[in-house]
Amino acid sequence: MGENRDAKWFAEKLNDRTIRGIAIETSALIRAGALPVGTKLPPIRDLAFALGISPATLSEAWSELRRQKIISGRGRNGTWVSGDRFVAKPVRLASVGDYGDGALNLTAAVPDVRLLPKLEAAMAYGASAENLNSYERSRILPELEEEVRKAWPYEPEAFLATNGGYNAVYTLINALVMPGASVAIEDPTGMRLLDILEDRGARIIPVKCDEEGPLPSSLEEALKYRPVAFVFQPRIHSVTGQSVSPARMASLAGVLRDKDTLIVEDDGVADISTAPRHSMGHLFPDRVIHILSFSKTHGPDLRLAVLSSSRAIIDQIQSYRSFSSGWTSRILQAAAAWLLRDAATEACLDHARKTYRERRAGLIDALGERGVKALHGEGLCAWIPVSSEPFAMVTLAARGIAVHPGAKFSILPSSHLRVATANLSERRDEVADAIALAAVHT
């Protein structure tokens, strides 16, 4: 039989009294073992009174946990933790539908495989990597470090190779952020970033953005919650396609000065951008974590990203990794180093960069001609304003076009569509016509 936790105990543990906050923080307590399987939860009215919220708010939070099979029971018999059925999953990513063969699927902002470099020679080279098949938990292959240093935006103390960009974020969040801690993140942002933070049980503090990047005033407001980290995409935003301007970067650095918040710079779209790499690492080398992914540029099956930070932070992240893989394949690291030296690969990337930009701009221009105003930018998708997300989604689905609603990328109210453009080489006008119909709901 499990333990009982009274309303006072919960009131001391739950800081975010919103529906979403209660659900996230309660699931974090369950995962951490503070609420073992079989624990009986307090009556809704008692707990709502202790939290200073309405019973309806708490009921909604409990309903969300029931849907996830985290708690069970209701009514006179009480509600219980049924964590033996709890399975963590990325809720936003897992809700992506199967649209069938007939649909034009513009949900996945992934590279066009026809524009990726050939890997045969690189992989053959990688098979002779230094220290191959050793169980030594090395942080990064020396030749890969030598290559990435050439274009890194600052001089860091240490590097670490990881199994892709999201693996880098997932690992550092689990290594450095305790469940229930606050994390500031630009809004909108990558849905998988939100999945990672919610899985960790973090309290997500949104930082509003405009076309130049996160708003300094919004970041300043977020810092009042003393977040452990601020996560943003300085070079090209994976959702909106906008880049942080140098002036905005300087303003954000001013807000972050004299704070102890970790600064996580996620360069996930990487050299698909024409914007130069930049970082706050030269200002805050002891707390910047800068991530560069090679998935969008050189191929997702390379499973490779590189991050930099202080030696102390790299040691903490590597210590957490030791519970699992311990190191990233030396074959893949050596292959990436070979690709970074290869002139043909660089020419391939130049062509891909130009093609992605033309495809994205072509859709934005076509929408503009139809009265739908969206911002030009770069990357693999477009962020398109609409008057009603549900109406727009239904309208596009009726025409066999699948996109993502903006709500997947935000914890604030959203009225946008995220439309993948990287593979939109044909049917552009058809898509623009459909979006124009979907964008306005009267």
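Student: Which residue just after α16 takes a positive phi?
Tutor: Gly400, with a phi of about 75 degrees. Keep in mind that this is a predicted model.

Student: What makes Ser388 a cap of α16?
Tutor: A side-chain oxygen of Ser388 lies 3.3 Å from the backbone nitrogen of Phe391. The cut-off for a polar contact is 3.5 Å, so the pair qualifies. Ser388 caps the N-terminal end of the helix.

Student: Which residues of α16 are buried?
Tutor: Glu389, Ala392, Thr395 and Leu396, in a helix that spans residues 389-398. Buried here requires under 20% relative accessible area.

Student: How do you know that the buried residues line one face of α16?
Tutor: Look down the helix axis. The buried residues fall within an arc of 130 degrees, so they line one face. In general, residues three or four places apart in an α-helix point the same way, because there are 3.6 residues a turn.

Student: What does the face turned away from the buried side carry?
Tutor: Exposed residues: Pro390, Val394, Ala397 and Ala398. Exposed requires over 50%.

Student: Why is the set around Leu144 and Phe232 called a nonpolar core?
Tutor: The term asks for buried nonpolar residues joined through side-chain atoms within 4.5 Å, and this set meets it, so it is a core. The largest such core has 40 residues. Leu144, Leu219, Phe232, Leu256, Met280 and Val306 touch the most other members. α14 (330-341) is among the elements that supply at least two residues. α14 gives the most, with 6 residues.

Student: Which residues does Leu144 touch, beyond those up to four places away in sequence?
Tutor: Leu304, Val306, Gln333, Ala336, Ala337 and Leu340.

Student: How many residues of domain 1 and domain 3 are in contact?
Tutor: 6 residues of domain 1 with 7 of domain 3. The centres of the two domains, taken over C-alpha atoms, are 34 Å apart.

Methods
Residues are numbered from 1 along each chain as its sequence is written. This is a predicted model: local features need pLDDT of at least 70, side-chain atom pairs count only at pLDDT 80 or more; totals for chains, interfaces and linings use all residues. Side-chain values use heavy atoms; hydrogens and water are left out. Buried means under 20% relative accessible area, exposed over 50%, partly exposed in between (1.4 Å probe, protein chains only). Helices (H or I, at least four residues) and strands (E, at least two) are DSSP runs, numbered from the N terminus. The arc is that of the directions from the helix axis to the C-beta atoms. A polar contact is a pair of N or O atoms within 3.5 Å; within protein, one must be able to donate a hydrogen and the other to accept it, and residues adjacent in sequence count only if both atoms are side-chain atoms. Contact means heavy atoms within 4.5 Å. Domain bounds come from an automatic or database domain assignment.
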